[in-house]
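Me: I would like to go through this structure and ask what stands behind each term. Please set the values against the definitions.

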Amino acid sequence: MKIKIVKSLSFCILFLLLNSCKNSQKEENTNPEQSGNSVELSYANNFNIEGFGDFYLLTVETPWPNAEKAFTYLLAKENAEIPDDLKFDQKVQIPVEKMVVTSTTHIPALEALNEEKSLIGFPGLDYISSEKTRKLINSGKIKELGKNENINTEELIDLQPDVVIGFAIDGNNKTFETIQKTGIPVMYNGDWTEKTPLGKAEWIKFFGAFYDKLEKAEVIFNEIETSYNGAKELAKSAEETPKVLSGAMYKDQWYLPYGNSWQAQFIKDANANYVYAETEGNGSMALSFESVLAKAQDAEFWISAGQFTSYTQLLEESNHYQEFEAIQHKKVYSVSLTKGETGGVLYFELGPQRPDLVLKDLVSIFHPNLLPDYEKRFFKALEE
């Protein structure tokens, strides 16, 4: 896949959904007539990038679920000629030299682009698992900024980053508003709102724009896409389609992904039958233990079993778990056994950026004969 050039006899009119920070009423604004290069996005639905030579317009359509406005960001090279009437929410000069990100899912994209040294601050350093970035942390080159829901704004402002890549579950983030008032732009990344594994991974192009490395980002994503689709095709050759359970109990409720979620897509693409594949919704389902047992007692595999790392630990939590055949046959797999040196779970950091590795893990679990020598990256069998 290459960057797709959109040429038209007439100019393209960019329609942006803008509204005031003080209310949620939608207001439609149009940018001046511009003709640009549109970056091809094959799977991601919640952002787009238009290139205009010495600047980009990056629009994030869905920074969080049910967002009532889109955000348009101007990423401009030094001395770029910007139309006076161009409309945007925030501006940053590229390539960015100093960045703060707020989610561990952002770290792998920086590393893949060889730009991890531009990271100067992060809220919750212990959650970062990557050995490459941990070396920078241990050498004091990345500053601890507290917690994502309560960022130390004084520390962040002292760092004077070129941009803060924000992560938010809704639009009520006073911390980001405070940061922006100091002149430091905050730009939202909504990779987590995508519904498909490859849709999430394609957000590496979002970061590619900040470093003026869109072509490199395209190459990286193409390699991930090819690897993912190769594993998917391999899984189709399996003779059996095992029944799979996912999720775990928390305070008397079993939380499971919906059938239209990106987690369920992995199971489908690994040629397995997710117990709740027919369900649709956002977030997670919350069901009783009894209802899950009735539907999934005979499931051959149980994956993503919460924070459990051993069968002993699981059965100490509830002896009723032993009623599941997946436990009786020791076919329970968790991502909680693969952690970084400070306890961060690698799956939650690298998994969204490398769905091909996640899928290969699952194919090797459900169909071990197809990948007999594969070393699993995230999912490991529970310990005794």
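**Sheets, strands and a helix**

Reply: Five strands, in the order E18-E15-E20-E21-E22, form an open sheet with mixed pairing. The edge strands are strand E18 (273-274) and strand E22 (380-381), each of which pairs on one side only. This is a predicted model: local features need pLDDT of at least 70, side-chain atom pairs count only at pLDDT 80 or more, and totals for chains, interfaces and linings use all residues. Residues are numbered from 1 along each chain as its sequence is written, and side-chain values use heavy atoms, with hydrogens and water left out.

Me: Why is one side of E16 and of E19 left without a neighbour?

Reply: E16, E17 and E19 form an open sheet in the order E16-E17-E19, with antiparallel pairing. Strand E16 (248-250) and strand E19 (284-287) stand at its edges and have a single partner strand each, so one side of each has no neighbour in the sheet. From one strand to the next, the twist averages 35 degrees (axes are lines fitted to C-alpha atoms, for helices over the stretch in contact, and angles run from 0 to 180 degrees between N-to-C directions). E16 pairs with strand E17 (residues 253-257) in the antiparallel sense over 3 bridges, and Ala 248 stands opposite Tyr 255 in E17.

Me: Why does Ala 264 count as buried?

Reply: Buried means under 20% relative accessible area, exposed over 50%, and partly exposed in between (1.4 Å probe, protein chains only). Ala 264 has 6% relative accessibility, so Ala 264 counts as buried. Its place is in helix H8 (residues 262-269). Not counting residues up to four places away in sequence, Ala 264 touches Tyr 258, Gly 259 and Tyr 274, where contact means heavy atoms within 4.5 Å.

Me: How do you know that the buried residues of H9 line one face of the helix?

Reply: In helix H9 (residues 289-296), the residues Phe 289, Val 292, Leu 293 and Ala 296 are buried. Seen down the axis of H9, they fall within an arc of 100 degrees, so they line one face; the arc is that of the directions from the helix axis to the C-beta atoms. Glu 290 and Ala 294, on the other side of H9, are exposed. The cover over the buried residues of H9 includes E15, E16, E17 and E19.

Me: What makes strand E6 mostly covered?

Reply: In strand E6 (residues 71-77), 6 of its 7 residues are buried. Strand E5 (residues 55-60) pairs with E6 in the antiparallel sense over 6 bridges, and Thr 59 stands opposite Thr 72 in E6. E6 also pairs with strand E7 (residues 90-94), in the parallel sense over 5 bridges. There, Leu 75 stands opposite Val 92 in E7.

Me: How many residues reach a pLDDT of 70 or more?

Reply: The share is 91% of the residues, and the mean pLDDT of the protein is 90.

How values were computed
Helix = DSSP H or I, 4+ residues; strand = E, 2+ residues; numbered from the N terminus. Pairing = 2+ DSSP bridges. pLDDT = per-residue confidence, 0-100.
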